[in-house]
Amino acid sequence: MSEVSEKETNPPATEAATPCPTVTQRDQWMVESQVFQIYHLFATIPPNAQMLMLELQRENHMQFLSKGLRHLSSAFSVLDSNRPWLCYWIFHSIALLGESVEDELEDNTIEFLSRCQDPDGGYAGGPGQMPHIATTYAAVNTLITLGGQKSLTSINRDKLHGFLRRMKQPNGGFRMHDDGEIDIRACYTAISVASILNILDDELIQNVGDYILSCQTYEGGIGGEPGSEAHGGYTFCGLAAMILIGEANRLDLPRLIDWVVFRQGKECGFQGRTNKLVDGCYSFWQGGAVALLQRLYSIIDKQMEETSQIFTISNVSENKESLDGTSSHATRHGTIESGSTDIKSIAYKFINEWRAQEPLFHSIALQQYILLCAQEQEGGLRDKPGKRRDHYHTCYCLSGLSVCQYSLSKHPDSPPLPKVVLGPYSNLLEPIHPLFNVVLERYREAHEFFFTESHDH
């Protein structure tokens, strides 16, 4: 056996070994490469070709969505317990496009969701399954999106209220279903449903703020449950729920802003967590959270003044209430002592007391990611280049696109200026109510219907 020299066994300290990249690093580099290739191609083609690349493929998206309502392949069998979600993703996407389907298809959907409605309240993932708060949210949002007397009267609000009460826990959280998990998703979907159906009351909101507050992390975002990592979906859910119960001022909003806005990366889209890959669905979960924060500027200014921060979100000097009425609802223990009428009006005031503010994220850049990297030319939207289109990402990419387009509007009904809409102005989608993610026109119909119905009783 030949001898091995000391030099061979002990390389000089100056010859440092090249560190091996982690799986996360390799994945990130691959995504960046795919995204930047698209951007490079876009930058090198003539302006008329650029406009074609940026065009929202409405007809192709409608074909993709309509096909999903009529037939899904056997591969979708894994989503059997999520069928109301498929209804919501598809019908909400169609509504965002300003389109509709024939009456027979809408009637079939209403009838199907009625079979998912449990006799004791709430909606299951399919006929004969147990009721679940998440699929209840999906079913209710679908029925509100369909609109009309038949759809709205099909919701048994009294039984649904009883179901939400049964899922409510002493710590303020909600269970997703009988003996199910307790997390931020359950808090948001329960509070959202109760608010939009006008059945939100003091019993349902009791201690909810305490639970959500316990989920805000040191980073500033909100995790799924206490001790969990901050996550874009849970952050939106926690923030929206806190606004709906009038306790958003209990959150550390400046830190929440810092965490959310820094999730928009060099790819122009949003990531869901720190050091994770960009994903088209966070165009809404993160972009929507920023849109909510934009309208809480008076609370944020006050929090920053209290912590002696030197910059402010707005330069508005007049004394004003927060846009959602939050600051007038919090009391000594963070509970709600105001009348139920005030709580039930928060979502309506939030959208009608709109004041234009500069967006806190790069709206045009996010639209660029959605249109160039998430959109499939033959229809449907996706997570990122290299991924397949699906109804979930189609829904939340389009929702995020709508948030971007109306981010500078002086009023939610005001048509945005062309400079705010990337690509041809025909890309303009319908505005949404950012707390519920339903098209604004459908929200208003539901608000009038359920508030009138309550007064009639």
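1. Before the packing, the terms: axes here are lines fitted to C-alpha atoms, for helices over the stretch in contact, and angles run from 0 to 180 degrees between N-to-C directions. Helices are DSSP runs (H or I, at least four residues), numbered from the N terminus. This is a predicted model, where local features need pLDDT of at least 70 and side-chain atom pairs count only at pLDDT 80 or more, while totals for chains, interfaces and linings use all residues. Residues are numbered from 1 along each chain as its sequence is written, and side-chain values use heavy atoms, with hydrogens and water left out.

2. Take α7 (residues 133–146) against α10 to start with: the axes lie 9 Å apart at an angle of about 35°. The crossing is left-handed, i.e. the near helix is turned anticlockwise from the far one by less than a right angle. In contact (heavy atoms within 4.5 Å) are Ile133, Ala134, Thr136, Tyr137, Val140 and Ile144 of α7 with Ala186, Tyr188, Thr189, Ala190, Ser192, Val193 and Ile196 of α10. By class, that contact has ten nonpolar, three polar and no charged residues. Nonpolar covers Ala, Val, Leu, Ile, Met, Phe, Trp, Tyr, Cys and Pro; charged covers Asp, Glu, Lys and Arg; the others, Gly among them, are polar.

3. Now α10 (residues 184–196) with α13 (residues 232–244): these axes come within 8 Å and cross at roughly 40°, so the two helices are oblique to each other. Oblique is what remains once angles under 35 degrees (roughly parallel), over 145 (roughly antiparallel) and 65 to 115 (roughly perpendicular) are taken out. This crossing is left-handed too.

4. Glu106, Thr109, Ile110 and Leu113 of α6 touch Ala139, Thr142, Leu143 and Leu146 of α7.

5. Last, the second largest cavity, with about 50 Å³ of space. A cavity is a set of points on a 1 Å grid over the protein atoms alone where a 1.4 Å probe fits but cannot get out, and lining residues have an atom within 4 Å of a point; the volume is the space filled by probe spheres set on the points, joined across faces, edges and corners. Its lining includes Ser195, Ile196 and His447, and α21 gives the most, with three residues.

Conventions
1 Å grid on protein atoms, 1.4 Å probe; cavity = no way out; pocket = protein on both sides within 12 Å on 5 of 7 lines; lining within 4 Å.
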